Amino acid sequence: MPADQSSSLSGHGQTVCVTGAGGFIASWIVKLLLERGYNVRGTLRNPDDPKNAHLRELEGATERLSLRKADLLDFESLKEAINGCDGVFHTASPVTDDPEQMVEPAVNGTKNVIVAASEAKVKRVVFTSSIGAVYMDPARGPDVVVDESCWSDLEFCKNTKNWYCYGKAVAEQAAWDEAKEKGVDLVVVNPVLVLGPLLQPTINASIVHILKYLTGSAKTYANSVQAYVHVKDVALAHILVYETPSASGRYLCAESVLHRGDVVEILAKFFPEYPIPTKLKDDGKPRAIPYKFSNQKLQDLGLEFTPVKQSLYDTVKSLQDKGHLKPPARQEEDSIKIQS
Ligand SMILES: NC(=O)c1ccc[n+]([C@@H]2O[C@H](COP(=O)([O-])OP(=O)(O)OC[C@H]3O[C@@H](n4cnc5c(N)ncnc54)[C@H](OP(=O)(O)O)[C@@H]3O)[C@@H](O)[C@H]2O)c1
């Protein structure tokens with residue numbers, strides 16, 4: 001039976017904490033939780049920063065959203081935010097390939113959240129991990145189906161300086177270890193690259209992957225593949241695994257895997273007015289082939305994934321609506337002014 005993908009009051013009377021509430025994915029989790037009747041405590045490093053103001057505009061926020069100041073490396077601040085909650089959605093994490101900024105907050109921050117959740121005796125913690133903790137494995141054959149049983153090879157991540165994937169993999173492992181030791185009920189969502197409408201006023205890293213194809217800054221597209229999923233589906237996946245008592249383990253959250261050539265082709269069909277690259281960057285290798293994957297576990301919980309074409313369309317529309325992407329006529333006008 002399909003899950004109730006619309007809002008229902010399943011959260012009535014429950015209080016849950018969402019870490020890093022102002023982020024791209026977390027804002028959507030907060031929105032859906034409020035729509036379902038939950039009382040939500042959102043943690044932010046700076047609740048007064050205008051980049052977090054959108055949270056107060058969400059439906060139900062005035063009555064049921066409280067924003068708390070907390071940093072992942074400040075245990076007491078997390079403890080205060082989580083104490084008294086029924087559940088925790090741990091989404092906050094640096095998103096960077098800088099090892100100094102990435103690894104410690106991701107790993108120790110996650111341990112702090114699990115310990116605080118254990119002390120508060122919450123019913124369940126949902127942790128936002130990543131495909132980065134799943135698929136970075138050079139030994140995997142082309143016919144292997146990427147699913148929840150796969151783990152990234154830490155040595156390979158280190159050697160290729162992929163510190164984001166390294167940090168997320170070590171953080172997820174730390175979450176499992178800490179949860180086991182403390183007897184915390186942990187469920188993990190592993191999203192692939194997330195697209196779709198932004199609720200926050202700023203541009204996050206996964207949206208830049210698409211924005212660069214529309215502004216003229218990318219002259220070519222890479223010979224590589226990428227998996228995609230819609231942000232609303234990612235948020236709903238978090239809530240489904242929280243609300244389903246039998247949910248356990250990891251949940252790969254992916255809709256499709258495309259070659260970059262397919263991405264630019266879809267974008268060019270929807271938005272021919274932008275300078276979308278048409279040339280493949282020649283790396284001397286044969287065309288990369290999309291890997292196989294399974295999202296069956298989330299489908300079994302009733303999640304109906306949004307097609308990637310819709311995700312790409314919604315992303316661009318949202319960038320236009322928020323003023324991050326000028327209408328093409330304005331871009332042309334500006335370039336004429338610059339030239340003259
Ligand atoms: N977007 C994707 O494609 C994708 C895919 C797979 C997994 N994920 C995971 O999903 C989660 C959210 O990512 P996102 O795309 O929504 O990114 P985002 O918009 O950059 O959000 C990240 C959030 O983490 C917070 N944060 C970073 N360091 C922190 C610290 N030391 N203490 C407290 N908060 C901290 C940030 O707060 P500030 O605003 O204060 O910096 C921000 O709210 C991350 O765990 C990421 O690894 C994302």
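**Charged side chains and their surroundings**

Modeller: In total, 11 salt bridges are present in the structure, a salt bridge being a side-chain nitrogen of Lys or Arg within 4 Å of a carboxyl oxygen of Asp or Glu. The model is a predicted one, in which local features need pLDDT of at least 70 and side-chain atom pairs count only at pLDDT 80 or more, while totals for chains, interfaces and linings use all residues. Residues are numbered from 1 along each chain as its sequence is written, and side-chain values use heavy atoms, with hydrogens and water left out.

Side chains of opposite charge can pair when their charged atoms come close. Helices (H or I, at least four residues) and strands (E, at least two) are DSSP runs, numbered from the N terminus. Lys292 is partly exposed, at 41% relative accessible area, whereas Asp143 is exposed, at 58%. Here buried means under 20% relative accessible area, exposed over 50%, and partly exposed in between (1.4 Å probe, protein chains only).

Two further bridges lie within single helices. In helix H6, Lys182 and Glu178 are 4 residues apart, about one turn of the helix, and their closest N and O atoms are 3.0 Å apart. Glu178 is buried, with a relative accessible area of 13%, while Lys182 is partly exposed, at 32%. Both residues join Glu181 in a network of salt bridges. In helix H9 (residues 260–270), Lys269 and Glu265 are likewise 4 residues apart, about one helical turn. The closest N and O atoms of this bridge are separated by 3.9 Å. Lys269 is exposed, at 66% relative accessibility, and Glu265 is partly exposed, at 47%.

H4 and H6 pack at an angle of about 20°, with axes 9 Å apart. That makes H4 roughly parallel to H6, for angles under 35 degrees count as roughly parallel, over 145 as roughly antiparallel, 65 to 115 as roughly perpendicular and the rest as oblique. Axes are lines fitted to C-alpha atoms, for helices over the stretch in contact, and angles run from 0 to 180 degrees between N-to-C directions. Glu178 and Lys182 are among the H6 residues that meet H4, whose own contacting residues include Ile114, Val115 and Ser118. Contact means heavy atoms within 4.5 Å.

A contrasting case is Asp314, in helix H11 (residues 308–321). Asp314 is buried yet has no salt bridge, and the nearest side chain of opposite charge, Lys232, is 8.8 Å away. Lys and Arg count as positive and Asp and Glu as negative, while His and the chain ends are not counted. Not counting residues up to four places away in sequence, Asp314 touches Gly196, Pro197 and His230. Gly196 is itself buried, at 0% relative accessibility, in the loop between strand E8 (193–195) and helix H7 (205–211).
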